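Here is a short briefing to read alongside the structure on your screen.

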Amino acid sequence: MGSIERPSLQRIERTEVDKIIQAIIQDGGVIIKNFASREAVERVNADTRPYLDNDKPWKGDLFPPETRRCTRLTARSKTYRDEWLVDPLVDRILSVFVDKTTHNYYGETKHVYTSHAIVDTAVTLEIGPGGKAQRLHRDDKNHHVTHLDQTETGYQVGSDVSLAFLVPGIDTTYENGATLAIPGSHLWDSDRVPKVEEAGYAEMNVGDSLCFLGGLYHAGGHNLTQNQKRPMHGLFFCRGYLRTEENAYLAYSTEEVLSWTYKVQARMGYTVSSPNIGFVDFMQPYKYLAGDYDPDKPGDVDESQEPGKTS
Ligand SMILES: [Fe+2]
């Protein structure tokens, strides 16, 4: 089955900013045409290639074993850092959907505060030949968002706490791993079950980007090809306040953290919050600090993600 029979997201030129925003409100996501130049994509491809080729097969359920990952993109790719992360279009979309402004009274004075979006994770995910599709999921599972049904009322801007841009390193097709997405699923309540038949394939050309809310059901597509590696560069953002008040990770030395009991390490946030918040290179941070991991066996940090487990 090709993408034509499936519900699909709109494709809108990056210059049509208001239409892009309306498409996200309506469908939960949009394909932005000409988000980046071909040259920029090729630079990020080159920046990430050594890390992808060096990565080991995944042993877990988060990704198929044919997946390769390059984390830490902000450091590893200047183009990603200095062009994409700070793209004015990214700023604009984040300001509508992720930045949060509230007010309260400090004594009798009204104060207005805006918390700006920050990078949730900066990672390239590549699916190799034979890789199976991910299960449909909402990325905001990590932030424990409870979704109310908005199918009747329409989307209330501000309902989501995260948003992502996916930038493919090659033209993506049904065959080679185009991302699955269910248009409109950002409006569903938390109990509605996503069906693969409801999803379309977000086929893209190099330079396009799939921009979608954390509440949109989507999945990395299968790779049916014999020889095509499909890298996808990700810019994942969340609300700026979704972190601790005190930045313990900069305040305490590795030696200090390793001298603590596991219970203290966990209480201080050196463990992953289920399912995936707080990892380092997809590892538990307390194990990372202790060097207590096998780099040849990357796998899920949270067993609750295995099929059939619901916690
Ligand atoms: Fe995802």
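For the charge count, Lys and Arg are taken as positive and Asp and Glu as negative, while His and the chain ends are left out. On that basis the protein chain carries 34 positive and 45 negative side chains, and the centres of the two sets are 2 Å apart. Please bear in mind that this is a predicted model.

**The chain as a whole**

- The protein chain is built from nine helices and 12 strands.
- Along the principal axes, the C-alpha atoms of the protein chain fill a box of roughly 60 × 55 × 40 Å.
- The radius of gyration of the protein chain is 20 Å, which agrees with the value near 19 Å that a compact globule of 311 residues would have.
- Of the 311 residues in the protein chain, 47% are buried.
- Among contacts in the protein chain with a separation of 6 or more, 75% are between residues 24 or more positions apart.
- The protein chain exposes about 15800 Å², and carbon and sulfur atoms supply 50% of that area.

**The iron site**

- Which atoms coordinate the iron ion? They are NE2 of H137, OD of D139 and NE2 of H218, at 2.1 to 2.2 Å.
- Written as a sequence pattern, the donor residues of the iron ion follow H-x1-D-x78-H.
- H137 counts as buried because its relative accessibility is 14%, with the cut-off for buried set at under 20%.
- D139 is buried too, with a relative accessible area of 16%.

**Helix α1 and its cover**

- Helix α1 spans residues 17–27, and its buried residues are I20, I21, A23, I24, I25 and D27.
- The cover over the buried residues of α1 includes β1 (11–13), β2, α5 (88–97) and β10 (209–213).
- Just after α1 comes G28, which takes a positive phi of about 90°.

**Backbone features to look at**

- As background, most residues other than glycine have a negative phi, and most peptide bonds are trans.
- N34 is not a glycine, yet has a positive phi of about 55°. You will find N34 in the loop between β2 (29–33) and α2 (38–54), and at 43% relative accessibility N34 counts as partly exposed.
- H144 is not a glycine either, and has a positive phi of about 55°. H144 sits in the loop between β6 (118–127) and β7 (162–168).
- Is H144 buried or exposed? With 56% relative accessibility, H144 counts as exposed, since the cut-off for exposed is over 50%.
- The peptide bond from S274 to P275 is cis, with omega near 5°. P275 is placed in the loop between α8 (262–267) and α9 (285–290).

**Two buried glycines in loops**

- G207 lies in the loop between β9 (200–202) and β10, and is buried with a relative accessible area of 1%.
- Which residues does G207 contact, leaving aside its neighbours within four places in sequence? They are I32, N34, F35, A36 and V41; N34 is the residue with the positive phi described above.
- G207 and G169 are 38 residues apart along the chain, and their C-alpha atoms are separated by 8.2 Å.
- G177 lies in the loop between β7 and β8 (179–181), and is buried with a relative accessible area of 0%.
- Leaving aside neighbours within four places in sequence, G177 is in contact with G221, H222, N223 and R230.

**A pair that is apart in sequence and in space**

- A251 is part of helix α6 (residues 248–251), and is partly exposed with a relative accessible area of 47%.
- How many residues apart in sequence are A251 and K33? They are 218 residues apart in sequence, and 42 Å apart in space from C-alpha to C-alpha.

Terms used:
Residues are numbered from 1 along each chain as its sequence is written. This is a predicted model: local features need pLDDT of at least 70, side-chain atom pairs count only at pLDDT 80 or more; totals for chains, interfaces and linings use all residues. Side-chain values use heavy atoms; hydrogens and water are left out. Helices (H or I, at least four residues) and strands (E, at least two) are DSSP runs, numbered from the N terminus. Buried means under 20% relative accessible area, exposed over 50%, partly exposed in between (1.4 Å probe, protein chains only). The radius of gyration is taken over C-alpha atoms; the globule rule is 2.2 Å times the number of residues to the power 0.38. Contact means heavy atoms within 4.5 Å. Accessible areas come from the Shrake-Rupley method with a 1.4 Å probe; for residues, only the protein chains shown count as cover. The place of a charge is taken as NZ of Lys, CZ of Arg, CG of Asp or CD of Glu. Donors are N, O and S atoms within 2.8 Å of the metal (3.2 Å for Na, K and Ca); water is not among the atoms, so sites may look incomplete.
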